[in-house]
Amino acid sequence: MRPSQLLAAPPTPVAGSRRPAWLLALAGLVLLGFVLDIALGPVRIPVMAVIKILLGQAVDNSAWTFIVREIRLPKALTAVAVGSGLAVSGLQMQTLFRNPLAGPSVLGLTAGAGLGVAAVMLAGGSVANSFAIRALGVGGSWSLVLAATAGAALVMALVLALSARVRDNVVLLIVGLMIASVTGAIVSLWQYFSAPEQIQEYLLWTFGSLGGVVGSHLAVLATVVGVGLVLAFASAKPLNALLLGENYARSMGLVVGRSRTLIIASTSLLAGAITAFCGPIGFVGIAVPHLTRALLRTADHRLLLPGSCLAGAALTLACDCVTQLPGSQISLPLSVVTSLLGAPVVLWVVLRRQNIRSSLS
Amino acid sequence: MLYPSLPTGRAGGVPPFFLFRRGFALAAMLLSSLTSLGQVAALKATTPPKNPAPRTAQPKPASAAAVRGHTTVDFAKGFTISYVPGGKVVTILSPFEQKTTATRYLLVPRGAARPAGYADAIVIETPIRTLVGLSSMHVALIDFLGAADVLVGLGSLKYASAPRVRQRIAAGKIMEAGQGKELHNEQLIAQHPDLVMATGWPGEGLTRYQTLQAAGVPVMLNSEWVESTPLARAEWVKVVAALLNKEDLVNQKFGQVVREYQRLAALGHRAAKKPSVVVGLPFKDVWYVPDADSYMAQFLRDAGTTYHWDKTKSPQGSLALSFEAVAPVALAADYWLQTGTATTKTEIAAQDARYAAFAPFKTGRLYNNNRRTNAQGSNDYWESGAVRPDLVLSDLIRILHPELLPTWRLYYYQQVK
Amino acid sequence: MPLPSFAPLLTAADLVVGYTAKKTPRPVAGPLQLHLWPGELVCLLGPNGAGKSTLLRTLAGLQPPLSGQLVMGGTALAALSAPERARQLSIVLTDRIDAGNLTVLELVRLGRHPHTGWLGGLSAHDEAQVQAALVATGTEAFAPRPVGELSDGERQKVLLARALAQDTPVVLLDEPTAHLDLPNRVALMRLLHGLARQTGKAILLSTHELDLALQAADRIWLLPAEGALRTGTPEDLVLSGSFAAAFAREGLAFDPATGTFALHAPTGPAVQLVGDGAAAFWTRRALEREGFVPTTALANLRVTAPHAAQPTWVSQAAGQPPQAHTTVEDLLQALKQLTVT
């Protein structure tokens, strides 16, 4: 042992010096996607006009100003919030449950939000006028958001309460799946007894949409997502410790219960808020962490978290560009586009890595 | 309420008193149709090439002197009525399919022998004494002919506005028949009405109602709502008229509706200024607007408007556009019609603050067609509005060209404050 | 830094370990009185099911004890917060690591978890510790490679490096030699022994490798299936017969002379074995396998092992001429014939 100590080699330079470069590249992609998303859309607006409007100058066509400022800009900002929030919460879930297929919906939060929305749209139905929320003076769009939040919060409370009593994460995973099943069944029941218009409205909601999040909505969404991201970044160290499993994590000084609560709270805030405002959006949460791991080639969450944040935002902006099908008057539902793009990504990752377990970290 | 009152009629024999009124009405019809023809001809001659001839089909002049007890189909494309020895044949067509799938109904007077041939037709004995209608429009079809007493069942007891029908519901004389999968087959079979009228889409076929048909209850599948013009939709009253043997009445009343509608349409087409209009309330990012072939687009043409998607067709009957595509039109539109379930401007703005930037919102030219909504939440626009397109058009012209109909009081529409 | 040699690093007083099933406690071992002194390699031995794993996990803090006290550096372990405990104890487990993409360096860096700040950034001192741990386990050459690409032996060393990087006075290992081949097992035990001496840490491991444990361990904790735990140097335990008693079972006997378990029960007659050295040792083995009882006393059968003067085996039955054999196989054949007749 002593001779080798004398011959101690200097620390080998790690490939990590490349990684901050990748983060910068991702940030650049986000910026590019942001500009593209604002520049593209069903209505053709020249790029110069777009830039002028963003800079606050007046343009001849007032409709363009309205479109860029009131429609495209909030949409692009929403895309950034949604993408980063979902990707980060997906990463947390994958590490916490040591499951490469976990995503933000695995705890049943999106199902809970869907239940809340269905309660307003289907069960409340045409008697929404007498619905309690209206009595509070909150009508229109906020009623949906609040209902979805209530549903997600209910599920979150349930999961947190159970996670305190449960030592094995697999149990939590199953709990989430069962919650999703039960809420799905209740919603199906309501749909069975609803009028076609109501079912169509609910169906539209399930497609997910980045539009309509403006003004105060956007402010609230951005705030909640911001808080969720901060909590997530604070959980970088616990997540790293959890990479080796809970036993090792405990031996390294991690209070697993507290960390689990932090992680679940962060995920609930992110997934719940995003689903409440935008409806269920799939695949971003599952696919982006895998993409980020493949790009950055690291398992260190201090790099993966910001990386996923940026990659998620970039991917969602790209998907949003695709949904607008520039030139066409029709827009595609976002969930469809993310699934169509996300599923092949996951396939590619899995097939390339072969050993799916090791692709986790 | 100063709108033309329609004479109530009766089927069957005509006492001399009515003969006189009939003769006068006939003459008046002839005269007004001639004048409207003339008006239209003048319009055709004077309108610039940009506005093509109005798309209201003209009734054949010969139908003015129709055969007694017979009626003809002039506007609708979804059904035909032909009179054969011993009965009538009503054919419901599916206008969407390449090869028309048609369902034929053989209407045979009660007690008479069934005419030969038409082996595939479903037999209905006329006049029908009891009818179950699964859609609120069927209520309107029946009520138009003053035959509300024939109605013994409804799809949903909520969706009915006609006063006579509501009375009968309150008196417990109308059963709830359910809809779709929830059709109360057993109760219907026990009730054994002479006909069940259902709404379906073309090509759906009658498989869902096999149980009823096997029990001897005839089912007629209407597709009145795929008609592309308001008059065509309203003309479905003639189907019910054939079932009730009230052809003369329907000729009279429907003819009145047609004349009034065409008079108003002429007004609309002649209007000097054609304000631009945007229709509907978007949900999140999707805005459904009527396409070129929808009856709403026809209303807008006949009311003299500039509708941005007047020429854009879509197979679904409405265009699902992105909010951004419609926003430029809405920002500059003169009027905003049909704002969903909202009744106040605050409600609209609460849905999405951006709606407040639209020009019609700012000027207050916001109108919704939910004035006649009863306590159960049922909107009469979808009921009697379907058979009285002349009233709807009057509303629209009153809204869009107040100077043309200064004394008209809005019937189905109301301003959203 | 090694503490004064006579103060134990870890003390267990009246410790009862076990698990709780349906609210009833099921003790597996105890009450135990244990001490871990710095600079010593301690091996926990015992038959399957005796509770080695439970004891080790309880000491590591992964399971709560049913009763009793654990004291570390003067403070009760239960009173320490998780990070404080992590600075006292580190572990190496048999848990499978699904960390295929982690590089060796990243994994070993994780060991600094209890010493780093809120975000987990490593200072120069932390990096030095990590480097020292890599060097000490001889794994600095693997540093940039992903853990999934290593062989089992290398991976064990990396996990040990992680525990060393954690820089704790006590290191606990649960069956570290379980999946290793013989050369790797020997290397690991040698490494652990050396580490304990050099760094002054107390290293406790549980193992089934009796042979290696008896050679490498400074102290043995012997946990029998029934009976009390006995501690002492390996030789004391063997010579006092505690070892044999702990592993005693039907048909199983521990031979203190050779330090091995007798695999075969004697079924045949005694054979006088003459000779010494390796040849005699292995001839004895062969005779035992055939069921004979090799002795030094006179017997009817006699076998002489080869030596410098005579390079062949010689077997002789009473009243018969001696026979020479060039291989053990021949010898055994001949002996079998002799006993049959």
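Modeller: A residue counts as buried if 20 or more other C-beta atoms lie within 10 Å of its own, as exposed if 12 or fewer do, and as partly exposed in between, with C-beta atoms placed from the backbone. This is a predicted model, in which local features need pLDDT of at least 70 and side-chain atom pairs count only at pLDDT 80 or more, while totals for chains, interfaces and linings use all residues. Residues are numbered from 1 along each chain as its sequence is written, and chains are lettered from A and ligands numbered from 1 in the order in which they are written.

Biologist: Which residues of helix 7 of chain B are buried?

Modeller: Helices (H or I, at least four residues) and strands (E, at least two) are DSSP runs, numbered from the N terminus. The residues are Val237(B), Lys238(B), Val239(B), Val240(B), Ala241(B), Ala242(B), Leu243(B) and Leu244(B).

Biologist: Which residue follows helix 7 of chain B?

Modeller: The residue that follows this helix has a positive phi, near 60°. It is Asn245(B).

Biologist: What percentage of the residues in chain B is buried?

Modeller: Chain B has 14 helices and 16 strands. Of its 417 residues, the buried ones make up 43%.

Biologist: What is the radius of gyration of chain C?

Modeller: Chain C holds 11 helices and 17 strands. The radius is taken over C-alpha atoms, and the globule rule is 2.2 Å times the number of residues to the power 0.38. For 341 residues that rule gives 20 Å, and chain C is well over this, so it is more spread out than a compact globule, with a radius of gyration of 25 Å.

Biologist: How far apart are the centres of domain 1 and domain 2 of chain C?

Modeller: Domain bounds come from an automatic or database domain assignment, which for chain C gives domain 1 (10–250) and domain 2 (270–340). The C-alpha atoms of the chain fill a box of roughly 85 × 50 × 40 Å along the principal axes. Taken over C-alpha atoms, the separation of the two centres is 46 Å.

Biologist: Which strands stand at the edges of the open sheet of 5 strands in chain C?

Modeller: Two strands pair if DSSP finds at least two bridges between them. The sheet has mixed pairing and the order 14-13-15-16-17. Each edge strand has a single partner, so one side of each is left without a neighbour in the sheet; these are strand 14 (293–295) and strand 17 (323–325).

Biologist: Which residue of strand 17 of chain C stands opposite Ser315(C)?

Modeller: Strand 16 (residues 313–317) and strand 17 of chain C pair in the antiparallel sense over 3 bridges. The residue opposite Ser315(C) is Gln323(C).

Biologist: Which helix of chain A gives the largest share of the side that touches chain B?

Modeller: Two residues are in contact if their C-beta atoms, placed from the backbone, lie within 7 Å. By that criterion, 23 residues of chain A are in contact with 22 residues of chain B. Helix 4 (62–96) and helix 9 (196–206) of chain A each supply at least two residues of this side. The largest share, 5 residues, comes from helix 4.
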